[in-house]
Amino acid sequence: SNPFEVKVNRQKFNILGRKTKNDVGLPGVSRSKAIKKRTQTLLKEYKEREKTNVFKDRRFGEYNTKISPEEKMIRRFTLERQQNYGKKNIYNLNEDEELTHYGQSLAEIEKLNDIVDSDSDTEERGTLSAELTAAHFGGGGGLLRKKASSEQQEEEEKPKSRKELIEEMIAKSKQQKQERQSQRESALELTEKLDNDWKEIQTLFAHKAPKSERKDKAVEKPKPDDYDMIVRELGFEMKAKPSERMKTEEELAKEEQARLQKLEADRLRRMHGIDEQANKKKPSHVSADDLADGFILDKDDRLLLSYKDGKMNIENEEEGEKGEEEEEEGGKEDNENEEESEEESANEDEEDSSADNHSDLVSDLESEEEAAGNEEQKKHKTNENESQSVKELGPKMEAAKAELPYTFAVPESYETFKSLLTGRTIEQQLTILERIQKCNHPSLAAGNKAKLEKLFVFLLDYIGELATLDLPELRTIDKLVLPLYNLCQMFPEAASDSIKFILRDAAHDMEEVIEVKGRATLPGLDTLIYLKITSLLFPTSDFWHPVVTPAFMYMSQLLTKCRITTLEDVIKGLFVCCLFLEYVSLSRRFVPELINFLLGVLHISLPKNQARGYAVVHPFTPVGKNLELLLVNDKKDLDSWQKQNLPLSILTRLKETSTTEMNHIRLSCLALCFDLIKKCAVLYESLPSFHEIMHPIRILLKQHIPVKEYPAQMQEWYHSALKELENKVKHYTPLICEKKKPVPLKQYTPKIVKVLEFGRKQGGSKQEQERKQLIQKHKRELKGAIREIRKDNQFLARMQLSEIMERDSHRKRKVKELLGSLATQEGEWKAMKRKKWKN
């Protein structure tokens, strides 16, 4: 070793008791150790990377030196028994061990359950005799000679030829096969005979007592157990049968369209007076020489023979007979009419035939007179028949004309749609709309979808027109909501667009009126009905909906921007409040406009002197001529009042009602207000600011409303609403601003920061120091790992390069050897060729 390459670790100070490692070291020692370690581990794994023939002994305790051999054997034996017991002998009650021979169970071998094929040889199946193989596959000459020599010695005859030996061998094999077959047949005959004898003898073994003893010793049969009863019930239980497949929507629409078209054709036929019997063919004249060559059965009355539970099934025949009887009974009247028509036609035919048969025997004049008379009689009879048929079919034709058509085309304009429904009853209108939808289903034709979308718009316009009449037909509107809902389910996008268009127009009209006049009135009955229909057609519990959300905003604007000037406005506003509660019944969304409107309704029910001490928000005013709209001072009207519902139809009768009825309506509006306050208290009880929201209403109910002047029923509604407001416990504390730490005043004391020397680790807390140490340790370990991985990759690359160079050198050596051998062969060949030319 070179002394200049020796590494020496020197220390400045010698410390007693401290051990120093690697004071003096050689530069190649650590490297040689690393290479040796890599050759033992990494190189070994690299060489065995594609090998799978490694033998690993997985027996119990093979590599455990702490267990003795006897304990190993006992443990292995118990594990083997457990494995076999768990797989095969779960339900085996015998504890005997199963003996095997060459992997097969001796018990199965002794059963001899091999299936015998009658046409094949069982003893020598699949095997060839030595003689046959020797004769047919060659190499049998010696065997045949040996056999021939043995026969010569025994029989002292001449040796046979090869052909004779083969024929003799074939004959022997056929004889053996025939013998085996005969033995098999005899064995089968014996077994059958033994079975028959056993059946005859078996009756002798069973001892039967005489009938007298049986009667004396009659034993009651044991009653079936509960388990047996359940098993029998399950056995006799009806099993599921495959049903017909569910038809698709398109198939159902096609069937319904075909049914309606058939009914319409029948109605038109009856309306035009075409009888069913007229379409039937009349019996033609049959001569005596007719051989009935063209006779064809109208239907096949043959029945298939079937058996059920061992008996012939006659259900089909009985059903056919019953059906025929019913048809005969139901068609007696038709048969009578047919018989009459047949008699008439037969008489006519007889007359015609008589005229034809005797025309040659009479003179020409007589024949002409008779012919003229026959024609007059025929005309007279036909006129009589036509008049009779018209009299009979008259009521049928009128009934057919009065019926509704079964098929309708979708109207292209609103006028045609309106003409279809006007003058009809509610049931007829619903039937017409239903038949329009069925006859023009979207799956039947390409353009039906656009037509039905127009039908939805027409139906909406028709409902609005019904609502704007002097006497609005609210019952008809209620019934028409169902076909409107069906169309909305079929075309939700078109339905939402049409209703949004209506609501947008209503909101735009209200804004225009506010811009011009400064105030607006509540809309008409048609708009209120559209708002109600919106809640029926679309979900109202969504956070945002393209139709419901605009309707929600429009209703809130109605309660805040429209002035309350008449009793009609109060009823409309309460209707909008009811709609609001219906909209938010599931989502429990807070509606401040609703609370404000209910507070205003209570405000206008008070006298002007008591309407002080609380705040009122627009559209209600604390002073003005619109106060006391719901105030009732007449004691007679107060005493005679009974709570009644407030339908929308009452809006059209307000001008014609008397003062007593008006006072009763005012009291009903106040009672409805109490009921809505109670529902709001139940709905919004979980809100954090519930008490603050309902505080103005609570003050108004407690301090200002004259409860004692109202009737008893009204007082009950008042106390129930007040009880709901007061009984709600404060579940949440009111919202308070968060308390912040006060900001200290700015001070001018200097901030002293410790400055450390460069290169040293700065001080800090213990946690910071530990964290820094961990970070440095992680960096050091990461660098070391990366360095080792690089060295491993370099080592593997060197090994791969050495393998490649070794293969290349081996190949070059082989190529040189081959080229040398070829050169020597070529030289020998040339020398041999020269020698040949010389000779």
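How much accessible surface does the protein have, and what share of that surface belongs to carbon and sulfur atoms? I looked this up to begin with: about 66,600 Å², of which 53% belongs to carbon and sulfur atoms. The areas come from the Shrake-Rupley method with a 1.4 Å probe, and for residues only the protein chains shown count as cover.

**Ground rules.** I'm working on a predicted model, where local features need pLDDT of at least 70, side-chain atom pairs count only at pLDDT 80 or more, and totals for chains, interfaces and linings use all residues. I number residues from 1 along each chain as its sequence is written, and side-chain values use heavy atoms, with hydrogens and water left out.

**Overview.** I found 28 helices and 6 strands in the protein. Both are DSSP runs numbered from the N terminus: helices are H or I with at least four residues, strands are E with at least two. Of the 839 residues, 24% come out as buried. Buried means under 20% relative accessible area, exposed means over 50%, and partly exposed is in between (1.4 Å probe, protein chains only). I also checked contacts (heavy atoms within 4.5 Å). Taking those between residues at least 6 apart in sequence, 71% join residues at least 24 apart.

**Confidence.** I looked at pLDDT, the predictor's confidence in each residue, from 0 to 100. The protein has a mean of 77, and 70% of its residues reach 70 or more. Residues 114–123 stay under 50, and the model gives them 9 contacts beyond four places in sequence. Residues 315–369 are also below 50, with 14 contacts beyond near neighbours in sequence.

**A helix pair.** At what angle do α17 and α20 pack? I get about 135° between α17 (residues 448–467) and α20 (residues 525–537), with the axes 8 Å apart. The axes are lines fitted to C-alpha atoms, for helices over the stretch in contact, and angles run from 0 to 180 degrees between N-to-C directions. So the two helices, α17 and α20, are oblique to each other. My cut-offs: under 35 degrees is roughly parallel, over 145 roughly antiparallel, 65 to 115 roughly perpendicular, and the rest oblique. On the α17 side I noted F456, L460, D461, I463, G464 and A467 making the contact, and on the α20 side L525, D526, I529, Y530, I533 and L537.

**I35.** I found I35 in helix α1 (residues 29–40). I35 counts as partly exposed because its relative accessibility is 33%. Its C-alpha lies 9.7 Å from that of K791, though I35 and K791 are 756 residues apart in sequence.

**The loop between α23 and α24.** I stopped at P619, in the loop between α23 (592–603) and α24 (635–640). A cis peptide bond joins H618 and P619, with omega about 15°. K625 is in the loop between α23 and α24 too. With 79% relative accessibility, K625 counts as exposed. K625 and T565 are 60 residues apart along the chain, with 8.6 Å between their C-alpha atoms. E628 is also in the loop between α23 and α24. Its phi is positive, about 60°, although E628 is not a glycine. E628 is partly exposed at 30% relative accessibility.

**R588.** Where does R588 lie? I found R588 in the loop between α22 (567–583) and α23. R588 is not a glycine, yet has a positive phi of about 55°. Relative accessibility is 45%, so R588 counts as partly exposed.
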